Amino acid sequence: MKKLFTFLLLIALLPSIDAAIINVPSQYSSIQSGINAAIDGDTVLVAPGTYFENIHFRGKNIVVTSTFYQTFNLSLISSTIINGSTPINSDSASCVRITSPLASAYRDSLAVLQGFTITGGAGTFWQDEYGAGRYCEGGGIIMQYTRATVQFNIIKDNKVIRRPAGIASTGGGGIRMGDGRAKIFNNIIFNNEAMYGGGVVLNYSNTQLKNNVIFKNRVYQAVTGAPTYGGGGVWTNGTGVNMVENNTIVNNSSAGSGSPAA
């Protein structure tokens, strides 16, 4: 049984045998340059190191992975780091963006992000498509109109707490997912901060949130007078039906005008 499980895990993590492998940094110096060169079906394979980047999948059906999938050595997750603390554009300070225009919604159903530590993100300014205003969301990862898979990552120490003029509030310290059918599996999401959804925001989504550990995330009134909406660990909103299954959600906190939910 153990051998069968290992074999199935291997199959789940391996990129397609027909895909090109784009190596970072030996072929391309940055993860984003590797993504830019990739076409649908390719794999961007990232060696251990710290990459001060804010990457964008650009709607591509690609796998972006550390070398973790080759050996299942967990130390490769903690030693392959996407640090989003030095964005080129402060409006787009999420470590990772997996977003598509509505017209091409869900075309990236085979996109995968796996095997990284994702840290230092401050969120992306985002116009709510339902007319609720402009928000700063998704410190570690912001996702919109996607069916991508995010798995086997450590998402920590992201802070979505800046609220310049015109921004209503800030949410999704670890992950913000909206209007899609993403799979968020087997991640550790901790020590992230926001004014709602300290760990995870699921907004009008039909997402599978499964087998994650979500702990020590924090919601608080970081800006005087700014509203908070609760959800220290997980915050959900809208008409979508999310599957939240077999997660460990502990020691999260919420203060301010929101309730101390999850």
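Tutor: Start with what accessible surface means here: the area comes from the Shrake-Rupley method with a 1.4 Å probe. For this protein, the accessible surface comes to about 11100 Å², and 56% of it belongs to carbon and sulfur atoms. Keep in mind that this is a predicted model.

Student: What secondary structure does the protein have?

Tutor: There are four helices and 29 strands. As for burial, 52% of the 262 residues count as buried.

Student: Why is Val200 called buried?

Tutor: Buried means under 20% relative accessible area. Val200 has 0% relative accessibility, so Val200 counts as buried. You'll find Val200 in strand β22, residues 200-203.

Student: Which residues does Val200 touch, and what makes those contacts?

Tutor: A contact takes heavy atoms within 4.5 Å. Leaving out residues up to four places away in sequence, Val200 touches Ile175, Ile189, Ile214, Gly233, Val234 and Trp235. For a sense of distance, Val200 and Asn217 are 17 residues apart in sequence and 9.1 Å apart in space, C-alpha to C-alpha. Across the protein, of the contacts between residues at least 6 apart in sequence, 74% join residues at least 24 apart.

Student: And Ser92, buried or exposed?

Tutor: Ser92 has a relative accessible area of 18%, which is under the 20% cut-off, so Ser92 is buried. Ser92 is in strand β7, residues 92-93. Beyond its neighbours within four places in sequence, Ser92 is in contact with Asn54, Pro87, Arg97, Gly123 and Thr124.

Student: How many disulfides are there, and how do you know?

Tutor: The test is a pair of cysteine sulfur atoms within 2.5 Å. By that rule the count comes to zero disulfides. Cys95 is buried, at 0% relative accessibility. Cys136 is buried too, at 0% relative accessibility.

Student: What is the order of strands in the open sheet of seven?

Tutor: The order is β3-β6-β10-β15-β20-β24-β28, with parallel pairing. At the edges stand β3 (49-52) and β28 (248-250); each has a single partner strand, so one side of each is left without a neighbour in the sheet. From one strand to the next, the twist averages 10 degrees.

Student: What makes β10 and β15 a pair?

Tutor: Two strands pair if DSSP finds at least two bridges between them. Strand β10 (residues 117-119) and strand β15 (residues 154-156) have three bridges, in the parallel sense, so they qualify. Within that pairing, Thr119 stands opposite Lys156 in β15.

Student: Which strands form the open sheet of four?

Tutor: That one runs β16-β21-β25-β29, and the pairing is parallel. Its edges are β16 (159-160) and β29 (253-254), each with a single partner strand, so one side of each has no neighbour in the sheet. Inside the sheet, two bridges join β21 (residues 193-194) to β25 (residues 218-219). At least two are needed, so β21 and β25 count as paired. The bridge partner of Glu193 in β25 is Arg218.

Student: How many aromatic pairs does the search find?

Tutor: Seven, from a search of the whole structure. Take Phe68 and Phe72, which are 6.3 Å centre to centre with 75 degrees between the planes. Ring centres within 6.5 Å make a pair, and planes over 60 degrees apart count as edge-to-face, so this pair gets that name. Phe68 is buried, at 3% relative accessible area, whereas Phe72 is partly exposed at 26%.

Student: Why is the pair of Tyr130 and Tyr204 called stacked?

Tutor: Planes under 30 degrees apart count as stacked. Tyr130 and Tyr204 have 20 degrees between the planes and are 4.0 Å centre to centre, so the pair is stacked. Tyr130 lies in the loop between β11 (123-127) and β12 (134-137), and Tyr204 in the loop between β22 and β23 (208-210), so the pair ties together parts that are 74 residues apart in sequence.

Student: Which residues do ring pairs link into a cluster?

Tutor: Tyr135, Tyr196, Tyr229 and Trp235.

Notes
Residues numbered from 1 in each chain as written. Predicted model: local features only at pLDDT ≥ 70, side-chain atom pairs only at ≥ 80, totals over all residues. Heavy atoms only, no water. Buried < 20%, exposed > 50% of the residue type's maximum accessible area, 1.4 Å probe, protein only. Axes fitted to C-alpha atoms, helices over the stretch in contact; angles between N-to-C directions. Phe/Tyr/Trp six-rings, centres within 6.5 Å; stacked < 30°, edge-to-face > 60°.
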